[in-house]
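Reader: I am new to this structure and would like to learn how to read it. Could you take me through some of its features, giving the general idea before each case?

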Amino acid sequence: MERCRALVRVRLYGIKPCICQYSKTPEDELSSLLLDTVHRILRPDTLSLIRAIIIESAKAADIREIMQNLAHGGKASIIDQWLRNYCQSHGRPHEDVGMLGRQAFGMTGGELLLNGLICAKAQTTPDAVETFVRKGARMFLAGLRSNWEQE
């Protein structure tokens with residue numbers, strides 16, 4: 001089981017996306033992080049690993065625990081770290097960045113991941129993925145700021 005955990009840690013939680021050096025806006029930064037994460041997760045070997053974990057999760061409690069951690073993005077994702085900094089810079093240091101990170105990924109990479117798991121072959125082009133993720137990042141941040149204004 002420890003070998004399985006190590007594999008998952010490296011292949012799924014070892015993703016270290018980076019912010020594009022030429023990002024001019026928070027939307028560009030978040031889009032860059034999400035795109036890098038999505039491209040890594042949608043690799044055929046990563047999708048195969050996730051499928052295997054899903055199949056085995058019904059059989060073993062340890063595998064179910066791995067899946068729960070995967071659903072929560074690991075212990076501290078780079079997206080959560082970015083959101084923590086973003087919230088602090090907007091006077092919101094006490095926001096639940098774990099929840100926000102799941103929401104941001106869910107409305108961008110989550111749908112693409114689900115499609116990748118269901119379909120044997122990716123049915124979207126790299127341009128379509130980029131457009132989808134960038135629009136989702138813009139909508140997420142606009143919604144977050146709007147929510148802050150309403151409070």
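**Reading charges, helix faces and rings**

Author: Let us begin with one side chain: arginine 134 is partly exposed, its relative accessible area being 27%. Please keep in mind throughout that this is a predicted model.

Reader: Which residue does the side chain of arginine 134 meet in a salt bridge?

Author: The general idea is that side chains of opposite charge can pair when their charged atoms come close. Here the partner of arginine 134 is glutamate 130, with 2.9 Å from N to O, and glutamate 130 is likewise partly exposed, at 33% relative accessibility. Both residues lie in helix H7, four residues apart, which is about one turn of the helix.

Reader: How many salt bridges does the count come to, and where does the one between arginine 40 and aspartate 36 lie?

Author: The count comes to six salt bridges. To place the pair you name, recall that an α-helix has 3.6 residues a turn, so residues three or four places apart point the same way. Arginine 40 and aspartate 36 are four residues apart in helix H2 (residues 26–41), about one helical turn, and their side chains meet at 3.2 Å, N to O. Arginine 40 is partly exposed, with a relative accessible area of 35%, whereas aspartate 36, at 18%, counts as buried, because the cut-off for buried is under 20%.

Reader: Which parts of the chain are linked by the salt bridge of arginine 92 and glutamate 151?

Author: In that salt bridge the side chains meet at 2.6 Å, N to O. The pair links distant parts of the chain, 59 residues apart: arginine 92 sits in the loop between helix H5 (78–89) and helix H6 (97–118), and glutamate 151 in the segment after helix H7 (126–150). Glutamate 151 is exposed, at 60% relative accessibility, while arginine 92 is partly exposed, at 22%.

Reader: Which residues of helix H3 are buried, and which are exposed?

Author: The buried residues of H3 are Thr46, Leu47, Leu49, Ile50, Ile53 and Ser57. Seen down the axis of H3, these buried residues fall within an arc of 160°, so they line one face of the helix. Pro44 and Ile55, on the other side of H3, are exposed. As for length, H3 runs over residues 44–57, and its 14 residues reach 20 Å from first C-alpha to last, close to the 20 Å expected at 1.5 Å a residue.

Reader: How many aromatic pairs does a search of the whole structure find, and how should I read them?

Author: The search finds two aromatic pairs, and for each one we look at how far apart the ring centres are and at the angle between the planes. The rings of tryptophan 82 and tyrosine 86 have centres 5.1 Å apart and planes at 15°, so this pair is stacked. Both tryptophan 82 and tyrosine 86 are buried, and they are four residues apart in helix H5, about one helical turn. The rings of tyrosine 86 and tryptophan 148 have centres 6.0 Å apart and planes at 25°, so that pair is stacked as well. Tyrosine 86 lies in helix H5 and tryptophan 148 in helix H7, so the pair ties together parts that are 62 residues apart in sequence. Tryptophan 148 is buried, with a relative accessible area of 8%, and the ring pairs link Trp82, Tyr86 and Trp148 into a cluster.

Terms used: Residues are numbered from 1 along each chain as its sequence is written. This is a predicted model: local features need pLDDT of at least 70, side-chain atom pairs count only at pLDDT 80 or more; totals for chains, interfaces and linings use all residues. Side-chain values use heavy atoms; hydrogens and water are left out. Helices (H or I, at least four residues) and strands (E, at least two) are DSSP runs, numbered from the N terminus. The expected span of a helix is 1.5 Å times one less than its number of residues. Buried means under 20% relative accessible area, exposed over 50%, partly exposed in between (1.4 Å probe, protein chains only). The arc is that of the directions from the helix axis to the C-beta atoms. A salt bridge is a side-chain nitrogen of Lys or Arg within 4 Å of a carboxyl oxygen of Asp or Glu. Rings of Phe, Tyr and Trp (its six-membered ring) pair if their centres lie within 6.5 Å; planes under 30 degrees apart count as stacked, over 60 as edge-to-face and the rest as tilted.
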